[in-house]
2 protein chains.
Amino acid sequence: MSQGSAFVQSVQCALRSKFTVLHTSATHSAYPRHLSDANSCRTSQNKSFALKARRRPLSIAYVNAQLTMSTTTGSAQPTTVAENGTAVFRKLQDPEQELLNSTSVFLFDCDGVIWLGDKLIAGVPETLDYLRSIGKRCFFVTNNSTKSRAGYVKKFTSLGLKISPEEIFSSSFAAAAYLESKNFKATGKKVYIIGEVGIEEELDLLGIPHIGGPADKDKQPRMGPGDKLEVDPMVGAVVVGFDRYFNYYKAQYANVCIRELKAEFIATNTDAVTHLTDAQEWAGNGTMVGAIRGCTQVEPTVVGKPSPLMIDYLANKFHIPKSEICVVGDRLDTDVLFGKRNGTRAVLCLSGVTTKERLFSQDEVIPDFYCESIADFRPR
Amino acid sequence: MSQGSAFVQSVQCALRSKFTVLHTSATHSAYPRHLSDANSCRTSQNKSFALKARRRPLSIAYVNAQLTMSTTTGSAQPTTVAENGTAVFRKLQDPEQELLNSTSVFLFDCDGVIWLGDKLIAGVPETLDYLRSIGKRCFFVTNNSTKSRAGYVKKFTSLGLKISPEEIFSSSFAAAAYLESKNFKATGKKVYIIGEVGIEEELDLLGIPHIGGPADKDKQPRMGPGDKLEVDPMVGAVVVGFDRYFNYYKAQYANVCIRELKAEFIATNTDAVTHLTDAQEWAGNGTMVGAIRGCTQVEPTVVGKPSPLMIDYLANKFHIPKSEICVVGDRLDTDVLFGKRNGTRAVLCLSGVTTKERLFSQDEVIPDFYCESIADFRPR
């Protein structure tokens, strides 16, 4: 089965269950519910409610689930629970017993796990070679939509890693594949892009027509008496990805398409911040998505992490239970949540943005294991 | 008492009750709760819950409140309730008995009530003259932050209406007055502005230093390896108003100020759409506020409609009960809600964007009366 058609099946399946990120989260009641709408509801009132809601399931259902999972996956060390009822975080000690024996597919986040900015993290090539040598499948999942899969292959190559486009899941690809799953091309309609070249390149590969994107970089609508922004009446979807040239023209174009043409609003992700450079946290795609949500009052369909699309796709493609998939990332609220919310195992690497102190000071998102870096996956 | 100091009192009072729009809405349980968070929670799940919540109080507490209000204000026609339990909308028939005798202060929305785009609505000058001749105080409240009060005086003058700056409440003024109420100037800090000249002019009048605004129109941060956007460490507040030159530089500047400097995030309003021109609905300040909320994950303090600031200010300044204030507007979800949520009377004018069909097809926001235009306020 080709990658495209398997993806079609899995997203069609997701569509039948009226998939959106927010819907999905609500159906996974084993995990603290408020994490799902962290972006949309941040009033102190809601937070206070959420905190109350969180404390309870953690010490009952959630820790029970952890214990059960440890048993079924053959872990040597069951999750321990401190006297105050909170889970104790487990460092990966025996990779073969604890992780490798029970995992078929690894989904690696890139920045903070494979590389840091433009530098490869020590031990990564050897670890990937080892995992492949023992028959594990490795994929690389990134919410960064500014590059296409082809763009990412170049980045991997520049760091000395040989990765094929089929092993890469960027949110630009996810957006294109989602549209393919809905037979968007057959409608004869176009996509309006807020975003960069990555989304354009992925839509081109599928032959889906598009407008907007980098071409609208310097545009400004006429806003004098009687003026209006005319939009192409054939726009059937608006894809919103990270766009460092976001402007009012693009916001109004998307606004008219979504409000008047009833175009679908698709977000590559809703990450609040991104790491354009290592020197600072930069406003992420939550900025662009928040803007379009703010004017249209429509919730987007989110295709990147932590939506289940990629995990559904892989489980479907390889016919394996999700419990044999392991998400590996450096962020609790995207990577680890992505795995835990969607029924996979999850490992937090301390090689990126999350410190050990941060991990231990929270009990909202609990990985199955943490480690210093993926170099710890190789048996000692 | 000067306008500034009275405002200070009223907003300090609001601050003592830990004012935010979302808090406020939650304390007014007589009105449909979900309207308050229309911008922040739009999942179909929440909507479904909200709809259920709405139906119940409407036919019990809410309609009872309507009946009580009709009695206490000496209305000739009590609110009638249809057989299905929904309120029947009341057209203003006898302005003196139904409205004028019991109202001391009128708060008029501008666009759709006083003018439509650049044209005065018929009968407005005569109505304002009449209301003043019988001792009513008239104020003009607009969420449009692109002009200062001085800018609005020019617009009124160009239409032949003589209005003083003290009679105008623009959200640009509200933002400046809110900062004054917090003694912001005494901190020695600055305001970063996303917005246009109206906010700058109002801050200048109060001597509050500011940066950003129109000056950052064409800026783009350097985003190469190791680059970061340096911000002025003295920024203590970010004011976000409508900005047709919004760009990524401004978003990242605000993001760093709010995240790293812990600057307060103040929104002039969160209106989804605005009427820049009559030909189309344009993406409103909900766009800019949504963007900053999306990257910072912080909820703003909202100073424009439907927040209670202006109503608290007037009730305090004139020492009158809020029941003697009447909000007059052409929008249900901003103007009428603004009044009903904050304890005043509210009249919907059909001279703007809301049609009679729309009014009658909903039972979410119920004005005390509706009329064709404010010309109906003069006795026949």
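Biologist: Okay, in what order do the six strands of the open sheet in chain B run?

Modeller: Keep in mind that this is a predicted model. The pairing in this sheet is parallel, and the edge strands, E5 and E15 (369-371) of chain B, each pair on one side only. Reading across, the order in chain B is E5-E4-E1-E13-E14-E15.

Biologist: By how many degrees are neighbouring strands of that sheet turned against each other on average?

Modeller: That angle ignores strand direction. For this sheet the average comes to 25 degrees.

Biologist: Which strands does helix H12 of chain B touch where it packs on the sheet?

Modeller: H12(B) covers residues 332-341, and its direction makes about 160 degrees with that of E14(B). The strands it touches, all in chain B, are E1, E4, E13 (325-329) and E14 (345-349).

Biologist: Let's zoom in on strand E4 of chain B. How many of its six residues are buried?

Modeller: E4(B) spans residues 137-142 and is mostly covered. It is joined to E1(B), residues 105-109, by five parallel bridges, with B:Asp109 standing opposite B:Val141. As for burial in E4(B), the count is five.

Biologist: And what is the hand of the crossover from E4(B) to E5(B), right or left?

Modeller: E4(B) pairs with E5(B), residues 168-170, in the parallel sense over three bridges, and B:Phe140 has B:Ile168 as its bridge partner. The chain gets from E4(B) to E5(B) through helix H6(B), residues 149-158, as a β-α-β crossover. That crossover is right-handed.

Biologist: Moving to cysteines: how many disulfides are there over all chains?

Modeller: A pair of cysteine sulfurs has to be within 2.5 Å to count. Take B:Cys326: its nearest cysteine sulfur, that of B:Cys349, is 9.1 Å away, and B:Cys326 is in no disulfide. Over all chains the count is zero.

Biologist: Is A:Cys257 buried or exposed?

Modeller: The cut-off for buried is under 20% relative accessible area. A:Cys257 has 0% relative accessibility, so it counts as buried.

Biologist: Which residues have the most contacts inside the largest nonpolar core?

Modeller: That core has 58 residues.

Biologist: Last one: what is the relative accessibility of B:Glu196?

Modeller: B:Glu196 sits in the loop between strand E6 (190-194) and helix H8 (197-205) of chain B. Leaving aside neighbours within four places in sequence, its contacts are B:Thr146, B:Pro214, B:Phe242, B:Asp243 and B:Arg244. B:Glu196 counts as buried, with a relative accessibility of 10%.

Terms used: Residues numbered from 1 in each chain as written. Chains lettered and ligands numbered in written order. Predicted model: local features only at pLDDT ≥ 70, side-chain atom pairs only at ≥ 80, totals over all residues. Heavy atoms only, no water. Buried < 20%, exposed > 50% of the residue type's maximum accessible area, 1.4 Å probe, protein only. Helix = DSSP H or I, 4+ residues; strand = E, 2+ residues; numbered from the N terminus. Pairing = 2+ DSSP bridges. Right-handed = clockwise from strand over helix to strand, strands pointing away. Axes fitted to C-alpha atoms, helices over the stretch in contact; angles between N-to-C directions. Contact = heavy atoms within 4.5 Å. Core = buried A, V, L, I, M, F, W, Y, C linked by side-chain atoms within 4.5 Å.
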